[in-house]
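Reader: I would like a close look at one part of this model, followed by whatever packing and pairing can be described elsewhere in the chain.

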Amino acid sequence: MYQFFKKILFSRDPEKAHNFAMKNLNRVASTKAGAFLLRQNFDKSCEKEVELWNLKFKNPIGLAAGFDKDAKYLDALENLGFGFVEIGTLTPTPQPGNQKPRLFRLIENEAIINRMGFNNEGVDAAVERLKNRKCQMIIGGNIGKNKSTPNEKAVEDYEYCFRKLYNYVDYFVVNVSSPNTPNLRDLQQKEPLSKILSRLQLVNTELGLAKPLLLKISPDIDVNLLDEMIETMINLNLDGIVATNTSINRQNLSNEKNTDEAGGLSGKPLKDRSTELIQYIHQKTQGKLPIIGVGGIFDAHDAKEKLDAGASLVQVYTGFIYEGPGIVKNICKGI
């Protein structure tokens, strides 16, 4: 059935199609009958519990940041069987993001290019929604800085978001690896990264029961810089790593419309690089740094590949768009 709706959705502008689909999913899930039907169709056979960071994930399949930036669809998404959802990337103040069009399908490559630019309604708006959520699944908070904030003051933006979200999410992810905010990736360097992560760990301790703190890395990262980052994370007692964000690399793409658009590439072309980095990090840290694997996961085989490489949990994004609402159920059955 999704293949029929997919043809309709894929005939529309990608960003409009996303908003249309999620608003209608919310409408269906808002009724008792609708929520029941969603759970019956998509949330069965998905009980493969994972315990990590003293949290119990009902299954290892999550939804990556960027899909529900503003925490608008959490109750509906829980009915699709997700074990966890990561909201964001959130910034201290609202920002519109980059100029449209900024989201492009590469259908032949089973991929997407986005240059959204941290478009979101601001962390305070997300907090208000989190206060009223009904869902019980694990929620992660992905945090970033406003485009207008200079890198020298970036730590203040990350701390602001951390403090605001602290009581309403179960874990945090620091995003310094998006290619769509100018100079953001410069924060991956040792000095600025240490400054941000050490401040957040201090705040984490100050606020009481420390929440798991993770770092999301770029698939385009140089191995020497990655080694430095791993050393920094271990020294600061970070709880894990998300591998990986989107890529600016365009190698191995078949020639189709929009392949030359600027932005971050996600989907099938990212699969092997993401798995390669997961395996490297797992071996480098001797499995002591838990990994959330993300990049090119469309089915159970893709998810199992990430888990076998060393990931404890996985996240989907582009695969959800191409495969539809049954993706979690299908992956759970296969693993």
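Author: The model is predicted, so local features need pLDDT of at least 70 and side-chain atom pairs pLDDT 80 or more, while totals for chains, interfaces and linings use all residues. Numbering runs from 1 along each chain as its sequence is written, and side-chain values use heavy atoms, without hydrogens or water.

H10 itself spans residues 300–309; helices (H or I, at least four residues) and strands (E, at least two) are DSSP runs numbered from the N terminus. At its start, a side-chain oxygen of Asp 299 comes to within 3.1 Å of the backbone nitrogen of His 301. Along the helix, Ala 300, Asp 302, Ala 303, Lys 306 and Ala 309 are buried (under 20% relative accessible area, 1.4 Å probe, protein chains only). Their cover, judged by contact (heavy atoms within 4.5 Å), includes helix H9 (271–284), strand S12 (291–294), strand S13 (313–316) and helix H12 (327–334).

Next, the rings. There are twelve aromatic pairs (ring centres of Phe, Tyr or the six-membered ring of Trp within 6.5 Å; planes under 30 degrees apart are stacked, over 60 edge-to-face, the rest tilted). One of them is Phe 67 with Phe 320, tilted at 40° between the planes, with 5.0 Å from centre to centre. This pair joins distant parts of the chain, 253 residues apart: Phe 67 is in the loop between strand S3 (61–63) and helix H4 (74–78), and Phe 320 is in helix H11 (residues 318–323). Both Phe 67 and Phe 320 are buried.

Another pair is Phe 84 with Tyr 171, edge-to-face, with 6.3 Å between centres and 65° between planes. Phe 84 belongs to strand S4 (residues 84–90) and Tyr 171 to strand S8 (residues 171–175), 87 residues apart. Phe 84 and Tyr 171 are both buried, and together with Trp 53 and Phe 57 they form one aromatic cluster.

Two charges sit over rings (NZ of Lys or CZ of Arg within 6 Å of the ring centre and within 35 degrees of the ring normal). Lys 211 lies over the face of Tyr 166, 4.5 Å from the ring centre. The charged end of Arg 105 is placed over the ring of Phe 10, 4.5 Å from its centre. Arg 105 also has a bridge partner in S6, namely Ile 112. S5 and strand S6 (residues 111–114) pair antiparallel over four bridges, where pairing needs at least two DSSP bridges.

Notes: Buried means under 20% relative accessible area, exposed over 50%, partly exposed in between (1.4 Å probe, protein chains only). A polar contact is a pair of N or O atoms within 3.5 Å; within protein, one must be able to donate a hydrogen and the other to accept it, and residues adjacent in sequence count only if both atoms are side-chain atoms.
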